[in-house]
Amino acid sequence: MDAFIQWITRVNDAINGAVWGWPALILLGFVGVLMTCLTKFFQVTHIGHWMKNTIGAIFKDKHVTGHTTDKSISQFQSLCTALAATVGTGNIVGVAGAIAAGGPGAVFWMWLIAFFGMMTNYSENVLGILYRRRDSKGEWHGGAMYYLRDGLGSFKGCKHIGAILAALFSFFCFLASFGIGNMSQVNSMVSNVYNAFHIPTIVTGIVLVLAVGAVILGGLKRIASITEKLVPFMVILYFIGAIIIIILHLGQVPAIFASIFKCAFSLKAAVGGGIGAGIAQAMKWGFKRGVFSNEAGLGSSVMVHSSSNVKEPVRQGMWGIFEVFADTIVVCTLTAITILGSGVIDLSTGEVAAAAADIPSATYMSYAFSQVFGPIGSGFIALAILLFAYSTVLGWSHYGATACQYLFGEKSVLPYRIVFVIVVMLGSVMTAQLAWDISDTFNGLMMLPNLIGVLVLSPQVMRCTKNYVDRRLHGKDVTPFLSHWDDIESEQEVDLDVDAGI
């Protein structure tokens with residue numbers, strides 16, 4: 001078994017070095033900047049509008065939260081399922097790992113990639129709605145594989161290129177569901193539960209197998225019904241705990257932010273290195289863990305957003321903006337401030353403090369909470385990671401099932417879900433570092449074809465955004481642009497007149 005694990009490690013390291021090199025990171029940043037510019041900084045210029053039509057609409061619009069009777073899910077359910085997949089261990093363990101490896105400056109680069117990532121995620125969701133199709137059961141199916149095949153593939157001479165990239169994305173997503181969506185999450189769960197409660201990892205693994213299987217074998221509707229209850233509860237609970245600690249360390253907040261900005265542009269690496277290595281190290285870890293956390297650029301959450309009952313592509317795109325905002329700008333920032341205020345990092349140098357040299361980065365948040373709340377604090381973080389990671393596993397099981405269905409057909413979904421549940425046990429016994437490294441690799445592999453699709457189809461996103469702004473914000477009498485498909489376009493236009501533009 002040890003020889004097999006070592007072989008996997010060597011192969012993964014070789015692939016990871018290629019897919020997460022600077023060319024891929026530059027492409028990720030470029031697409032975010034491009035979509036921000038093409039939409040005229042929509043995430044800033046229309047912040048009031050997208051806030052009102054996302055978090056604001058939850059409390060007053062029945063179309064957003066009301067359960068559907070058909071095969072679709074509500075917009076709130078699609079958000080919660082997407083957040084279930086994104087708000088996971090990346091928000092706790094991932095942020096801690098980024099700070100440990102890249103210093104406090106990694107947080108700045110995490111913010112930056114999230115700011116532009118808002119419009120990458122927005123664009124993915126817009127394209128997902130534009131190119132989605134219904135199956136024979138009336139269920140919506142959308143995602144990067146569809147806009148690669150039917151969007152990019154519609155260009156002259158690109159039919160086969162689009163089909164190949166769609167198949168590659170689906171295959172990489174299929175693999176990623178076992179990494180970012182399963183093994184790394186489960187590994188964090190069992191290790192934190194063991195540290196807090198001394199429950200053997202094999203016992204926690206068995207319980208998780210039963211808990212995951214009971215939900216995902218029921219399909220998207222059951223997953224959505226669980227996540228819409230679980231996600232708000234776990235985020236609010238975590239938010240309250242982190243805010244209490246931040247208030248108690250309020251005097252350190254200015255120094256924390258000063259350290260973040262100082263170390264983001266440090267010429268000397270926080271963990272050693274030559275001139276300029278500090279910026280490169282902080283940037284790389286900030287980008288990698290930022291993407292691991294909010295998944296903007298992966299094309300993953302599009303698969304659940306495309307199942308929404310929404311009619312307007314831009315409406316679902318705005319949920320993508322809010323998703324990244326809530327995940328990184330809010331939750332990850334709370335984690336970062338809490339960790340940096342705990343003393344594990346020397347704010348003056350950006351290096352791990354001597355007194356915290358023996359503390360694993362995965363337990364930084366547990367250490368911070370235990371300083372304030374005692375043993376209850378570490379138990380609280382173990383519970384938070386358990387809820388966060390469990391919800392991520394549920395969300396990613398749908399992504400993997402969608403990719404599997406695209407590649408192998410409807411009959412492959414049930415076998416996939418069974419294997420997915422079995423892999424939960426593997427994740428509980430795997431070494432933590434390998435689980436995270438494999439997740440990073442699979443993220444990078446599925447990111448590349450997706451970004452190519454968003455880049456090529458950026459004019460469609462710009463056209464759709466302008467159409468929406470002209471109609472909804474400027475009151476112009478223009479024909480709606482709601483779908484790439486004429487039959488769905490006509491159907492959605494009729495529905496807009498009926499339900500006032502969900």
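## Model and terms

Contact means heavy atoms within 4.5 Å. Helices are DSSP runs (H or I, at least four residues), numbered from the N terminus. This is a predicted model, where local features need pLDDT of at least 70, side-chain atom pairs count only at pLDDT 80 or more, and totals for chains, interfaces and linings use all residues. Residues are numbered from 1 along each chain as its sequence is written, and side-chain values use heavy atoms, without hydrogens and water.

## Helices α16 and α21

Helix α16 covers residues 313–340 and helix α21 residues 458–473. Their axes lie 9 Å apart, and they pack at an angle of about 105 degrees. Axes are lines fitted to C-alpha atoms over the stretch in contact, with angles from 0 to 180 degrees between N-to-C directions. So α16 is roughly perpendicular to α21 (65 to 115 degrees).

On the α16 side, P313, V314, R315 and M318 take part; they meet C464, T465 and Y468 of α21. Five of the contact residues are nonpolar, one is polar and one is charged. Nonpolar covers Ala, Val, Leu, Ile, Met, Phe, Trp, Tyr, Cys and Pro; charged covers Asp, Glu, Lys and Arg; the others, Gly among them, are polar.

## Helices α8 and α13

The axes of α8 (residues 105–131) and α13 (residues 253–264) come within 6 Å and cross at roughly 85 degrees. That makes α8 roughly perpendicular to α13. G105, V107, F108, W109 and W111 of α8 touch F257, I260, F261, C263 and A264 of α13. Nine of these residues are nonpolar, one is polar and none is charged.

## Helix α10

Helix α10 has 39 residues, 159–197. At 1.5 Å a residue (times one less than the number of residues), α10 should span 57 Å; its end C-alpha atoms are 55 Å apart, which agrees. α10 bends by about 45 degrees at A176; the bend is the angle between axes fitted to the seven residues ending there and the seven starting there. H198 follows α10, with a positive phi near 60 degrees.

Methods:
Helices (H or I, at least four residues) and strands (E, at least two) are DSSP runs, numbered from the N terminus. Angles under 35 degrees count as roughly parallel, over 145 as roughly antiparallel, 65 to 115 as roughly perpendicular and the rest as oblique.
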